[in-house]
Amino acid sequence: MSTFFAEHAWLVPVFPLAAFAILTAMGRGLKKTGAWIGTIATFVSFVMSLCIAIERVSGSAPDYSRQIDWLQIGNLRLGAGFEVTNLTALMLVIVTLVGFLVNLYSQGYMKDDERISTFFAYVALFTSSMLGLVLSDNLLTFYIFWELVGVCSFLLVGFWFQKPEAKAAAKKAFIVTRIGDLGLLIALLLLFWYMPGHALDFTTIHNVFDTQGGAISTGITTLIALLIFLGAVGKSGQFPLHVWLPDAMEGPTPISALIHAATMVAAGVFLVARTFDIFEASQAAMNTVAIIGAFTAIFAASIGLAQNDIKRILAYSTVSQLGYMMLALGVDNMPAAMFHLFTHAFFKALLFLGAGSVIHSVHTQDIREMGGLGRKMKITAWTFGIGALALSGIPPFSGFWSKDAILTAALDKQPILFVVGVVAAFFTALYMARLFFLVFVGKPREGQHAKESSSVMTIPLIVLAVLATVAGFVETPFNGWFGQWLTGDEGQHHVSGLVMVVSAAVGLLGLYIGWLMYVKGTIRRDVVTSRMPGLVHLLERKYYIDELYGILFVKPLQGIGKALEVFDDYVVDGIVRLTGYSVSALGRLNSRLQSGQVQAYALTALIGIVILLLAIAGRRFW
Amino acid sequence: MPALQTLTWSDTWYLAPEIVLSIAAILLAVVDLFLPKRINRDVIGWLTLVGLIAAAVFVVLQLLSLGSGAPTDSSPGAYNLLAGSYRIDDFGNLLKLVFLGASAFIVFSSLGTVRDEDVPIKGELYYLILPAVLGAMVMSSSGDLITLFIGLELLSITSYVLVATRKRSRISSEAAFKYVVTGGVASAFILYGMSFLYGVTGGTNLLALLKEITPALENYEALLYISFFLMIAGFAVKLALAPFHAWAADVYQGAPTPVTAFLAVVAKGAAFAMLYRIFMNTAFFTMGTEGTMKKDIFLGLTVLAAAAMIVGTVGALRQRNVKRLLALSGVANAGILLTPLALSLTEFHASLFSEFLYFLIAYAFMNIGAFSVLTIVSRDSGNESLTGFAGLYHRAPWTAAAMTILLCSLAGLPVTGGFFGKLFILFGTVQTHTYWLSAILLVTTVVSYAVYFAFIRQMYMRSGALDSGLRMSAPAAITIWICTLATLALGFLPMPILDWIDQIFSIPTDLLLRG
């Protein structure tokens, strides 16, 4: 089988990296051209990724990997390299495709921004790091790109740094994900310590955990798996580290679509999928993943019901959907998780870009201030509707098939989690119905002059809408092609009529109730608010998690910070000043020697050698 | 002692690089003399470059003909010429390549950058590089004290002239004068030390010395101590090790910047080459009673290395003049470069030469790059103060970026050649359990961040008086970028280079002159 494109897969991240270099170097003068440089670079990467994927789909090409020795110290060798498997090929296509569409869309969305070329430079760097992460063949390089991706997220969330909220959100995103990163780093060190030959490449990890059970004790395996999962929890916004993701919506909307919906947040899921052998070796870790995933799914979906900011609703929805993916991983069905990641990338990017189109047009993010936009923004409304249907899990849209795969797997392993998943699916449909009907249906607001966005913005919407519709057919209960392609074995593919009926039914029920409440008015909107104001308030305040963290962590840490500041002012600064003083005293002594008098130099040299001779050789003779 | 051999025709092949340089130097001196005044002397610079490259090609050919690994009949490890007073081996060839390459970059980067108002005798500036490099090559390729000393003097005397080429500058003349005096003192120290060595052993050939040194040790221990410590002092002055470094700041400041770069890289490297040649073949074998003398000599070198790191780093902290700052940074780096030799060759520490050469290569690239940036920036701002770098990022972002990488390398931050160079040397100190030296290396490295970050602060966070773009000649720009990329390459791919050195270099034939 041909591996021509796979052999050159390392080029995929190089194109955006080159774009980043060009844009940084001479960005300021480029503006519009700069935007095209970024777009074209991602497009080239996309074509390349597509070729790699086609190559892998058309024949059963063997996995391709290549390493170089990066550093060798004694027996320790650190390699760097890339690996192309079906999993990475899939991720490459998702990242580059969404990246390309977002680039295209941003040309319209960001066209009036002063720092547009900086924006495109950051996006290119992000794309490049994400692709590097996907291609990495070992955990160490993976970790380096993982951190780079985090840095790009920080830069882009805080892109409008003039806004204090954006600055705070960027800081929060960075600090909260750092907690997860620390877990991953410790896991990496543990693996390094315990792995035979200190190997960190995925192939060896696979061999050690999959085939030679017992090489590493179960306790350590569980610990490593949980720490890796902590990293994934941070990046993928899972409970309890989900707090940063909704705040990250302060960044420009295309970024929310690219980073905080379709690609970077999926890195956590990808990490678990990539190191899945470690998780499979520990049932305790698997259960943790499943429970956290299911809990996050329902927890975030319930918050989504009571939010009023269009982007925040979508953000909680992202958290919730990532919870589904984790649930799928936890019930030992990696293909289902990757399948949902695949479909979710398209419909969530679609929804965010649609939301961006709305915001761009009406200049507000509060859905209570919108209404009736459907008539003025036909394309946005239609494509957004398709995204909403896909997210709500209505057949035959893609979200239905992938959610169905997850729910089937959950029913198989943990029926209770299946119930949680179904309830979360109902919530999902309900909040999407609320969102869609409030924004696009109903009476238009007075004084709002909404108009359809330009074609650079609507074309990506249409492309994504098509994908959101059809992407689900790669794996249906009647056609297990995707799962088989991804894992290489048949199995794990049951038709469950019950699940299909239940999942479609709750989706439709959610939409119907939403329609009754927000369009028809049969059910009064304040039906819940009036009966249980406490519950609504709890949801609106997002279960007070932020406040709780404020009291539990931020305040005490600030207290410690204050105490340390005092310590720093008096003790550390004292030492620093002393050091500084002694260094500059030495410096002064030095300048005194440096008098410019050449005879003084010669004398110093003479004294120097006499002292050296007496001190070292002299002691032998006395 | 074998009878003195005369030079044969076949030897000229082995001496080809040296012969090429000699002929080029003489020819260019004549050309410069007869070339009409109105012709730009850059043409001499280009011809100098051709001479350097031609010599380098011959060195590469010899490197290949010597082969790698253990010596065999078809590819002997080394050629001895003139009864062992001249020696073609991998040690010499590798260092010659560094010297020729560094000089070529220095000449190349000054083309179109050195101004006639500053250096009225530009032709001399170019062609005098040739005998200077020739001296450096003799220093790295000799097996006899006298030949080594001749090489040293050839390099030194040419350098004195080179420092003085800014004829209209008082500071340049002063620098040259100081350099003559201190350089003379250093040569005197070395020669005095050598004469004691000759006195107690009766030989100047390093191989012959070796046989005599053990008997001499019994009778003349004190004289040998004096001999070695005098030589240490002399080399310490040449290498600008503290406390023998005071001349460096004055001379570096006064010399034209390309010459400063030459002194910092080639002259320093050549002095190290000579130090390796002499000490690894004499002091290394002074076993004596319980080997105390050998320990003492190498301890002396270690102390000097430590002192240089401390004094250089601390001194650089207070400097605002960039050339003086880089001179003091060079003092600290000389301490680091001395460390592998000072740790000596033991069963735990056999990689001294590869550690040294790797850092020397990294040091050459980062210094030549930094000096090239300095030349351009100081020419533009009209002074050599640190504030000349203010706002460079806003005027020339690429140059600022390149300088940032070079500075990271000087500071020893990853992922650069400077980082790995220091790392390998640090491993050496750990392998030999010289932990106090590791501590000094680490602490001075951290302190040095403050020195180099002062540039970065100026470039990125201060706004300068000028806001027009930076004018620079194409050769200078190319040099800066090659140096920057090489610095990065050394950081990303340290192993191939280190492996290559290890593969070529063999301790018995190349370091210890056996065979």
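S344(B) is a buried residue, because 20 other C-beta atoms lie within 10 Å of its own. I begin with this residue for its backbone: S344(B) is not a glycine, yet its phi is positive, about 65°. S344(B) sits in the loop between α14 (322-342) and α15 (352-381) of chain B. Please keep in mind throughout that this is a predicted model.

For background, most residues other than glycine have a negative phi, and most peptide bonds are trans. Is H363(A) buried or exposed? H363(A) is exposed, because 10 other C-beta atoms are found within 10 Å, and a residue counts as exposed at 12 or fewer.

Next come the peptide bonds. Between P395(A) and P396(A) the bond is cis, with omega near 5°. P396(A) lies in the loop joining α18 (378-392) and α19 (398-413) of chain A. In chain B, the bond from A242(B) to P243(B) is cis as well, with omega near 0°, and P243(B) is part of the loop between α10 and α11 of that chain.

Let us now consider chain B as a whole. Chain B contains 22 helices and two strands. Of its 515 residues, 60% count as buried.

α8(B) is made of 32 residues and spans 46 Å from its first C-alpha to its last, which is close to the 46 Å expected at 1.5 Å a residue. After α8(B) comes G202(B), with a positive phi near 80°.

How do α15(B) and α17(B) pack? Their axes are 9 Å apart, at an angle of about 140°, and the crossing is left-handed. From α15(B), the contact uses A362(B), M366(B), G369(B), A370(B) and V373(B). From α17(B), the contributors include A402(B), M403(B) and L406(B). By class, this contact has eight nonpolar, three polar and no charged residues.

In soluble globular proteins, nonpolar side chains tend to be buried together. The largest nonpolar core here has 206 residues, and those with the most contacts inside it include I228(A), V269(A) and L327(A). Helix α20 (residues 415-440) of chain A gives the largest share of this core, 19 residues. Leaving aside residues up to four places away in sequence, V269(A) touches, among others, A232(A), L322(A), M326(A) and L341(A). A second, separate core has 194 residues, including F196(B), I232(B), A307(B) and L407(B).

Finally, where do the two chains meet? The contact takes 29 residues from chain B and 25 residues from chain A. On the chain B side, the helices that each supply at least two residues are α8 (170-201), α10 (221-239), α11 (246-254), α13 (292-317), α17 (397-411) and α21 (494-504). Which helix gives the largest share of that side? The answer is α13(B), with nine residues. By class, the side of chain B that touches chain A has 21 nonpolar, four polar and four charged residues.

Conventions: Residues numbered from 1 in each chain as written. Chains lettered and ligands numbered in written order. Predicted model: local features only at pLDDT ≥ 70, side-chain atom pairs only at ≥ 80, totals over all residues. Contact = placed C-beta atoms within 7 Å. Helix = DSSP H or I, 4+ residues; strand = E, 2+ residues; numbered from the N terminus. Nonpolar A, V, L, I, M, F, W, Y, C, P; charged D, E, K, R; others polar. Axes fitted to C-alpha atoms, helices over the stretch in contact; angles between N-to-C directions. Left-handed = near helix turned anticlockwise from the far one by under 90°. Expected span 1.5 Å × (residues − 1). Core = buried A, V, L, I, M, F, W, Y, C linked by C-beta atoms within 7 Å.
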